[in-house]
Amino acid sequence: MDEELKKEFPYEVRVKTKGFRKYRGYSDLIETFCCSATPCYFVVFPGIGYEGYFEKWYVEIKSANRQPAQQ
């Protein structure tokens with residue numbers, strides 16, 4: 001995985017929805033609110049060239065590539 005992508009999205013995640021379960025995704029785990037005020041995370045799937053927002057409860061944290069920067 002690209003080093004710049006690792007810095008921007010340090011958490012390896014799995015999205016528990018059909019079609020995405022088998023792919024490795026990466027996220028910054030910053031909560032964003034999608035339609036209907038639903039909490040979501042932005043997830044990048046470099047292996048399939050896809051990125052998008054997924055509801056928070058469908059995102060499972062696998063590991064952290066590094067410690068996120070202090071905000």
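In the predicted model, Lys 56 is partly exposed, with a relative accessible area of 34%. The side chain of Lys 56 meets that of Glu 31 in a salt bridge, with 2.7 Å between N and O. This pair links distant parts of the chain, 25 residues apart: Lys 56 sits in the loop between β5 (50–55) and β6, and Glu 31 in the loop between β2 (25–27) and β3 (32–33). Glu 31 is likewise partly exposed, its relative accessible area being 35%.

The chain that holds this pair contains 1 helix and 6 strands. Read from the N terminus, the order of the elements is α-β-β-β-β-β-β. The chain has 71 residues, and 34% of them count as buried. Its accessible surface amounts to about 5000 Å², and carbon and sulfur atoms account for 48% of that area. Among contacts with a separation of 6 or more, 42% are between residues 24 or more positions apart.

Strand β4, which spans residues 39–45, is mostly covered, with 7 of its 7 residues buried. The cover extends to both faces of the strand.

Strand β4 pairs with several other strands. With β5, the pairing is antiparallel and runs over 6 bridges. Within this pairing, Tyr 41 stands opposite Phe 54 in β5. The two strands β4 and β5 form a hairpin with 4 residues between them, and Gly 49 in the turn has a positive phi of about 65 degrees.

Strand β3 also runs antiparallel to β4, and 2 bridges join the two. Here Phe 33 is placed opposite Pro 39 in β4. A hairpin is formed by β3 and β4 as well, with 5 residues between the strands; in its turn, Ser 36 has a positive phi of about 60 degrees. Strand β2 is joined to β4 by 2 bridges, again in the antiparallel sense. In this case, Tyr 26 faces Val 44 of β4.

Charged side chains were examined next. Side chains of opposite charge can pair when their charged atoms come close. The chain has 4 salt bridges in total, including the Lys 56 and Glu 31 pair described above.

Another salt bridge joins Glu 60 and Arg 14, whose closest N and O atoms are 3.2 Å apart. Glu 60 lies in strand β6 (residues 59–64) and Arg 14 in strand β1 (residues 11–15), so the pair ties together parts of the chain that are 46 residues apart in sequence. Glu 60 is partly exposed at a relative accessible area of 28%, and Arg 14 also counts as partly exposed, at 26%.

A further salt bridge is found in the helix. The side chains of Glu 3 and Lys 6 meet at 3.6 Å, N to O. Both residues belong to helix α1 (residues 3–8), where they are 3 residues apart and therefore separated by about one helical turn. Glu 3 counts as exposed, with 52% relative accessibility, whereas Lys 6 counts as partly exposed, with 28%.

Note on methods:
Residues numbered from 1 in each chain as written. Predicted model: local features only at pLDDT ≥ 70, side-chain atom pairs only at ≥ 80, totals over all residues. Heavy atoms only, no water. Buried < 20%, exposed > 50% of the residue type's maximum accessible area, 1.4 Å probe, protein only. Contact = heavy atoms within 4.5 Å. Areas by Shrake-Rupley, 256 points an atom, 1.4 Å probe, with all protein chains shown as cover. Pairing = 2+ DSSP bridges.
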